[in-house]
Amino acid sequence: MSVPLEHDYIGLSDASRSSVESSNISSDSETNNVLNLKATELSLGLPGFSKNFEENGCCTKFEPKNFMLGAKRGFSDVNLDVNGGFEKVQGLKGDLVDGVVKVGEEKKKDAVPSAKAQVVGWPPIRSFRKNTMATNVSKNGDAREGSSGSGGCLYVKVSMDGAPYLRKIDLKVYHNYAELSKALEKMFSCFTLGQCTSNGVRGREGLSESNLKDLLHGSECVLTYEDKDGDWMLVGDVPWEMFIDSCKRLRIMKGSEAIGLAPRSVDKGKNRN
Amino acid sequence: MDPNKKRVDSLFPDEVLERVLSLITTHKDRSSISLVSKSWYNAERWSRRHVFIGNCYSVSPQIVAKRFPNIRSVTIKGKPRFSDFNLVPDDWGADVFPWLSVFATVYPFLEELRLKRMVVSDESLEFLATKFVGFRNLSLMSCDGFSTDGLKAVATHCKNLTELDIQENGIEDLGGHWLSCFPESLTSLEILNFASLNSEVSFDALEKLVSRCKSLRVLKVNRNISLDQLQKLLLHAPQLMELGTGTFMQELVSGPLTELKNAFSNCKNLLTLSGLWDATPLYLPVIYPACARLTFLNLSYATLRSVELANLLAHCKSLRRLWLLDTVGDKGLEAVGSCCPLLEELRVFPADPFDEEMNLGVTEVGFISVSRGCPKLHYTLYFCRQMTNSAVVAVAQNCPDFTHFRLCIMTPGQPDYITKEPMDEGFGAIVKTCTKIQRLAVSGLLTDRTFEYIGKYAKNLETLSVAFAGSSDLGMEYVLGCPKLRKLEIRDCPFGNAALLSGLMKYESMRSLWMSACNVTMNGCRVLAKQRPMLNVEVIKDEESDDSQAHKVYVYRTVAGPRRDAPPFVLTL
């Protein structure tokens with residue numbers, strides 16, 4: 001059975017954070033949430049960063065909720081209920097009468113658009129369709145957000161911790177990890193923090209996947225990607241073809257944060273109908 | 001026998017009566033016929049060939065077998081509909097095997113089995129394939145419990161198979177080898193649908209199968225079949241009436257697109273087109289030659305934008321039924337309104353139901369455009385993120401012939417987004433204006449007033465789905481007044497025991513009632529069960545909920561008594 005993930009609102013306060021850690025979720029996503037929160041904390045510290053984090057330019061409306069939405073983009077599976085007007089999660093005994101009445105009273109739509117808690121079996125869509133649409137999203141990458149959507153390109157967003165804005169690249173243009181790494185280095189070199197990119201990458205034509213892994217693991221920065229299941233993986237673990245087939249977005253993380261990222265495992269623990 | 005009746009009957013020998021009755025096919029008519037007199041009852045039971053069982057627990061296989069000795073075709077529905085949305089635990093029941101084992105004895109010449117929301121094991125499929133020599137038609141929709149091994153058995157043993165229709169089942173996919181199990185001698189296939197299976201079948205085996213089955217009229221392949229492969233299949237089967245394509249995109253085109261276009265053009269009988277996975281503006285035009293004849297186009301797996309859809313629909317003058325993804329947006333629906341005047345059914349599914357940031361989808365604007373251009377619309381399923389009362393009122397006025405109106409405003413309890421009022425007046429307009437309304441699904445913020453309207457005006461309503469709505473017990477009490485109500489499914493509403501018990505006299509005239517996450521208690525259910533012995537009042541226990549609350553209640557009429565196969569978490573009161 002496909003069970004939607006449910007999480008409490010990841011706020012900036014300690015109270016919210018502890019509710020994230022105690023909520024009843026799978027280990028993969030728990031790791032993701034912890035990472036996400038940490039990233040959030042770090043990023044707040046840099047001047048000018050938080051305003052521009054939202055790609056669509058909602059920078060004038062900066063407030064914690066919007067910021068969380070930006071962070072949420074990295075984990076599009078996770079939907080968080082900000083208003084708390086309606087909170088019905090599987091396995092919890094909800095106070096449903098109050099829940100229904102509350103929604104009407106609080107007029108949810110007045111608030112800044114917020115993520116919603118995933119309610120079991122709502123909206124009423126059959127599992128086959130849900131599973132199929134999830135695969136569709138990954139096949140198109142971010143193609144629906146402006147690019148042609150044809151079979152010829154596979155645009156994914158690339159973010160780098162500490163960088164003021166995101167970039168978009170076409171994965172189909174590259175043929176192996178070496179080319180990708182080179183291109184990213186060029187693209188983000190102006191935002192390099194410390195020794196993020198190694199000098200040795202230049203001119204390394206026949207870079208094997210394992211070499212790249214060693215290189216990245218050894219350095220301060222780590223290249224990661226979100227796969228079609230919504231999990232964050234280390235780039236370089238799987239064959240190139242498999243990687244571009246499942247990569248939805250890329251993120252250059254600080255090496256210290258990448259601890260705990262799961263290597264690709266056969267059993268991802270997801271249940272499907 | 002009553003002497004008066006005997007006089008009448010002698011004018012009309014049983015054989016003649018049976019002959020006449022064999023022409024009556026719908027089960028409702030037959031049901032009426034059987035009530036006329038004892039001899040008509042007998043004539044009807046002997047001449048019936050198809051039996052429809054809407055709830056597998058409402059009757060036992062033995063009772064069916066006893067009444068109808070000559071059945072060739074059976075349709076059985078099992079789990080409550082909300083099991084499609086994970087509200088019913090696994091192992092709840094609805095196993096088909098007890099039925100099959102009785103049928104093997106009583107109906108050895110069974111030809112057709114159509115199952116919906118039943119549990120079907122591989123053993124059951126093997127049993128079916130081997131015990132019923134003349135078996136021809138198998139349709140499994142939203143079933144679970146089997147794997148592709150079960151399909152292997154069917155393909156191998158059913159020598160006269162004409163239909164294999166596997167739709168949206170919880171199937172364990174162990175590979176596509178099952179398709180290769182059809183023997184070379186099998187040429188009788190007319191319907192083959194494996195669109196919702198994910199594994200790869202041998203294209204060679206499929207191609208050979210398609211080319212030797214000259215009567216094939218429905219072919220729906222899965223996403224793994226490429227465009228090149230599709231082209232070959234179409235060359236072998238230009239007689240197809242219904243086609244479900246595989247993926248509609250490929251990186252390297254081996255031949256010019258004109259060949260593919262011609263292949264579609266040659267399918268002169270094509271009325272239904274579906275599949276179209278990953279369809280893009282590059283390849284979609286190949287179907288244009290076939291569009292003028294199409295009556296049903298299912299684009300609900302193709303993430304099309306408004307322009308692509310508009311270009312496509314310009315060729316689809318004859319469309320009666322259209323299924324879409326909400327990626328087409330309101331502009332796409334505008335195109336629907338202008339291009340498809342004969343449209344009778346529109347379903348719009350959400351591409352991203354859980355992530356509203358990605359794609360706004362369709363709104364009240366699109367809904368109104370369609371209703372303006374398509375006055376014959378009578379069936380809609382519409383998922384949206386915003387709606388207004390005035391829009392729904394307008395839709396009702398533009399399309400007064402609605403029989404099926406299923407509107408899903410995706411945020412639970414959301415009001416009219418402009419006036420902030422409940423959606424009562426919108427749904428009220430639907431039931432007031434559309435007097436033929438038969439099936440209704442409501443959503444958004446709704447007070448008891450909506451249900452007051454429904455109870456008062458929806459004289460033909462048979463099926464009602466309610467979620468996150470209502471203010472008090474009165475809501476449910478109102479709708480129980482609908483004279484033709486047969487199925488009522490409710491979740492997350494503030495209806496309690498008073499509401500449940502107000503239907504005491506009603507439930508025996510209905511097929512079933514489902515209530516989950518409402519305010520019903522075990523005591524309330526016990527009262528109902530005690531007063532109505534012809535009902536099964538079942539409570540599905542939830543580990544988390546406390547013992548006095550009845551978290552999930554399923555009530556249905558039955559002549560078979562309490563279930564004997566109920567799992568420990570289902571309590572029959």
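R117(B) is buried, with a relative accessible area of 9%; buried means under 20% relative accessible area, exposed over 50% and partly exposed in between, using a 1.4 Å probe and protein chains only. This residue sits in the loop between β3 (112-116) and α7 (122-131) of chain B. Helices (H or I, at least four residues) and strands (E, at least two) are DSSP runs, numbered from the N terminus. Phi of R117(B) is near 55°, a positive value in a residue other than glycine.

Before I go on, the conventions. This is a predicted model, where local features need pLDDT of at least 70 and side-chain atom pairs count only at pLDDT 80 or more, while totals for chains, interfaces and linings use all residues. Residues are numbered from 1 along each chain as its sequence is written, chains are lettered from A and ligands numbered from 1 in the order in which they are written, and side-chain values use heavy atoms, with hydrogens and water left out.

A94(B) also has a positive phi, near 65°, and is not a glycine. You will find A94(B) in the loop between β2 (73-77) and α6 (97-106) of chain B. Its relative accessibility is 1%, so A94(B) counts as buried.

One more loop in chain B. D352(B) lies between β14 (345-349) and α15 (364-373), and is buried at a relative accessible area of 7%. From D352(B) to T327(B) is 25 residues in sequence and 9.0 Å in space, C-alpha to C-alpha.

Now chain A. It has nine helices and five strands, in the order α-α-α-α-α-α-β-β-α-α-β-β-α-β along the sequence. Of the 273 residues in chain A, 49% are buried. A cis peptide bond joins W122(A) and P123(A), with omega about -5°. P123(A) is in the loop between α5 (96-106) and α6 (127-140) of chain A.

Back to chain B, for the interface. The domain assignment gives domain 1 (12-48) and domain 2 (49-216); such bounds come from an automatic or database domain assignment. Eight residues from domain 1 of chain B and 10 residues from domain 2 of chain B make the contact, meaning heavy atoms within 4.5 Å. The C-alpha centres of domain 1 of chain B and domain 2 of chain B are 29 Å apart.

How much area is buried between domain 1 of chain B and domain 2 of chain B? About 850 Å², with carbon and sulfur atoms giving 47%. Buried area here is the accessible area (1.4 Å probe) that two parts lose on being put together, summed over both. On the domain 1 side of chain B, R45(B), W46(B) and R48(B) supply 67% of the area buried against domain 2 of chain B, more than any other three residues.

Across this interface of chain B the rule finds one salt bridge, that is, a side-chain nitrogen of Lys or Arg within 4 Å of a carboxyl oxygen of Asp or Glu. R67(B) forms a salt bridge with E44(B), and the closest N and O atoms are 3.7 Å apart. On the side of domain 1 of chain B that touches domain 2 of chain B, α3 (27-34) and α4 (38-47) each supply at least two residues. The largest share, five residues, comes from α4(B).

That is where I will stop.
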